[in-house]
Amino acid sequence: MIGPDAGDDEIRDDADEQLDRLLGAEASRSPSRDARDTDESNTREDRESGPQSEGFVAVCRHCRGHHKTGDQARSHAESCAQRPVATCRFCHEPHTASSGANPDDHYYDCQPFRAWYKRRQRQRATPEGEQGVEGDLDPFAQRRVVQPWFHEFSAYVKYDTSERRKPFNWYYALDSARKEHDGELLTGFEVAADELPGATRRVAERQADDDLDADETVEEWSVALRYSDSNIHPPDEHVAADIDWRLDTVKEPRVYVFPSAYDSFKDAKGEGRARAYFRLRPRWPDQEAENRAGDSVSINPTDLLGTDVAVKGTNIEFSRYPDLLQRAIEAVREQQGVKWNGPTYVEAESFDRSNIHGSSNVIDAELYVRVEDGETGKLIAIDGPLHRVSMLLAGDREGYAKSVRDDRERAGSYHTATIGSMRAGHLVGGHDLAKEIKHYYGKNPDAATGPLEHPKVGVSLQHSVMSDTVYWEDLDSLQRELDETLLNVLRWGDVPLRPSEGPYVADDYFEPVSSSRFRKLVDDPTPRIESEQNNAVERWAFMGNLNDTHVDTLRTLVTDGGQLSPADIADEIGKAVSTVRRALRQLGDMVQTRYADVQLRSQYLAQQVVKRLEAVDAVVEHDLEGAADNLTRAENVAATPGEGSAWLRWRDNWVEEVRADGEKDEIVLGWECADRSELRQLIREGAIAFRNDQGGDTLGLFSRTFRVRGRLRNGEEVTYADETLLDLLPTGWNYFNPG
């Protein structure tokens, strides 16, 4: 396990050895073996285990479980859930196989380690006495870096009220409040400064332009209570009697919380204000509902007795949502008894944090910063980190990856890269959450003014492509992982992390301030991965035994969807399975073979292969050495990414040939695009790379120099030239901020 300084061996791998020494010391203090043999019933193990130890002669050194033979005990110890897998050097806390915890995460809360690290930082401090951010690549370091703000959030927060005398009193009370106020109730509450968490209070003080007194009213929230029908079946007679169910139908209370300055939740949403929405559903054992097909399905797998609250909101600290719900319920209670005498009063204590059930989970969460317009060119460039993430960190068919580049409203309008859980750790060590990295402007960016003129850079959880659940109790680690990913991506895009040095723009919620916190900052891994994959392609190109089986195998992997086994490939190309297996072994790093599934290492690698296949086909029949020469022409991508120009890299990746023809050269694309949209996007990327290489002021230089001919997968040929080429190029925005 990697620690903060590999040379110091922060997490030790000799946990078993340490335990052996401890057990040896214990044995030296206990009676001798002969004495134990003479009076086995008096041994410490027998006193602890009682009659269960009869017939057992060996004990697992980890869990102290009994076994009939020493071999059985040793075999069990190798997979024992209590077996330590690592021990912290600083606080000596062991990490066992059963804990499932990443020992790396231990350092965030290990106080002895943090004290040691502070001493180490003082010893390595810069002459000015301040630890630098750039270049300090320890896996863990406390740095003053920009503090992102909280954007979209959704979760299912479940409350267990089984211990309350009337577990559904909250439900009947809300129904009573609805009826008392003729179907809809509007109320509100206030929050004082001393009730706010630190980050929110800092924003409130900035908006008030003053330090706030503890009891000063800071937030004024409106609360709207409404109801809607549901697809939940009422409980059967047996369950209804157990839970004292009183109603014929099951309706869903909906609680809307929004700033009091707005007349409605819809108005606040329209202007992007902080807001929260809660849909409350009662839960009881064996609960069923009707799905879209009209079938009854179980909807309460944990047999929770209480409430399932669907939470959605924006611009609010993630941990605040339960508090806002409880305050909203309290505000509803204050409006009860206004028209009726002796109503069923809401018990806000049912929504106390202490009642949150362990199955509560997070669906979506995003952190963001706002960066000055024109300062994110490297981040979103075709060869920048945002694009490389999904291309290089996703196997051709393994896991999940998605890349979106939408420049229709303006260049950089909406760019995203999504990676699944399987690849998250390749980006930043120790991460295991699927996430989306995004760069985007607001709606109608050309008409926006003030902060909305500038783009957001954010990272969000992508729960829909995860197989594991992110529980509510994991909220702190979720926030930390999003924060670390965002900081690293900014750094890889050459955006300084300190607000005093970085081009950050304040909006109504995000404030460019720094905070000191433990975060991992690592070097961008994608150039190294790209270099490795390019080298794999080049090694294949120079193989002395290059033949048509290699070409056909690779072409099948690129063009055929789904899972492919060596037998599938053999059937497709008409070769023996043994011949295909031998070809796969010879292709080495270019392919991954797991059980019966064969795939290319990455989407980037797949594109590199497709680009070369036509050249290989044309030459394989005549001259194998010629094929290698053709594949490594002088303007190829440099072996190490970053060498050479972006234009040459784009040309090598996507262009079959450039033909000199009159006043303009004709670019013939070798990549067959799925549709015209993909073709236009590819041409735009090439134009941007050419403009950057030539140092031109506008992208019109590309249209004056070239015309472009491309092919679609349906066989259609498309040519862009002159005005038609200029019209599809992005205008009015500077990708690379020259000069």
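Glu288 counts as partly exposed because its relative accessibility is 38%. On this scale, buried means under 20% relative accessible area, exposed means over 50%, and partly exposed is in between (1.4 Å probe, protein chains only). The areas themselves come from the Shrake-Rupley method with a 1.4 Å probe, and for residues only the protein chains shown count as cover.

Before going further, a word on the model: it is predicted, with local features needing pLDDT of at least 70 and side-chain atom pairs counting only at pLDDT 80 or more, while totals for chains, interfaces and linings use all residues. Residues are numbered from 1 along each chain as its sequence is written, and side-chain values use heavy atoms, leaving out hydrogens and water.

## Around Glu288

Glu288 belongs to strand E12, residues 288-290. Helices (H or I, at least four residues) and strands (E, at least two) are DSSP runs, numbered from the N terminus. Ile299 is 11 residues from Glu288 along the chain, and their C-alpha atoms are separated by 5.6 Å.

In the loop between strand E11 (275-283) and E12 you will find Asp286. Its phi is near 60°, a positive value in a residue other than glycine. Asp286 is exposed, as its relative accessible area is 60%. Asp494 also has phi near 60°, again positive in a residue other than glycine. Asp494 sits in the loop between H14 and E20, and with a relative accessible area of 53% Asp494 is exposed.

## Strands and a negative patch

Let us move to strand E9. Strand E8 (residues 185-192) pairs with E9 in the antiparallel sense over 8 bridges, and in this pairing Glu190 stands opposite Glu220 in E9. Strand E10 (residues 251-259) runs antiparallel to E9 and is joined to it by 9 bridges; here Leu225 stands opposite Val255 in E10. Two strands are said to pair if DSSP finds at least two bridges between them. In a regular strand the side chains alternate between the two faces of the sheet.

The loop between helix H7 (198-208) and strand E9 (217-229) holds Asp215. Asp215 counts as exposed because its relative accessibility is 64%. Asp215 is also one of the residues of a negative surface patch, together with Asp194, Asp209, Asp210, Asp211, Asp213 and Glu216. Such patches are made of residues with over 30% relative accessible area and no salt bridge, with like charges joined within 9 Å and nonpolar side chains (Val, Leu, Ile, Met, Phe, Trp, Tyr) within 5 Å. Asp and Glu count as negative and Lys and Arg as positive, while His and the chain ends are not counted. The place of a charge is taken as NZ of Lys, CZ of Arg, CG of Asp or CD of Glu.

## Salt bridges

The structure holds 32 salt bridges. A salt bridge here is a side-chain nitrogen of Lys or Arg within 4 Å of a carboxyl oxygen of Asp or Glu. The table gives some of them.

| Salt bridge | Distance, N to O |
|---|---|
| Arg353 and Asp323 | 2.9 Å |
| Arg370 and Asp507 | 3.0 Å |
| Glu666 and Arg709 | 3.8 Å |

The side chains of Arg353 and Asp323 meet in a salt bridge. This pair links distant parts of the chain, 30 residues apart: Arg353 is in the loop between helix H10 (321-334) and strand E15 (361-370), and Asp323 is in helix H10. Arg353 counts as partly exposed because its relative accessibility is 34%, and Asp323, at 34%, counts as partly exposed.

Arg370 and Asp507 also meet through their side chains. They too link distant parts of the chain, with Arg370 in strand E15 and Asp507 in the loop between helix H14 (475-492) and strand E20 (514-519), 137 residues apart. Arg370 and Asp507 are buried.

Glu666 and Arg709 meet in another salt bridge. Glu666 lies in strand E24 and Arg709 in strand E25 (residues 706-712), so that the pair links parts of the chain 43 residues apart. Both residues, Glu666 and Arg709, are buried. Salt bridges that share partners join Glu657, Arg659, Glu666, Arg707, Arg709 and Glu717 into one network.

Trp671 has its place in strand E24 (residues 664-673). Trp671 counts as buried because its relative accessibility is 13%. Trp671 and Arg711 are 40 residues apart in sequence and 7.4 Å apart in space, C-alpha to C-alpha.

Helix H21 (residues 646-654) is mostly covered, with 7 of its 9 residues buried. They are Ala646, Trp647, Arg649, Trp650, Asp652, Asn653 and Trp654.
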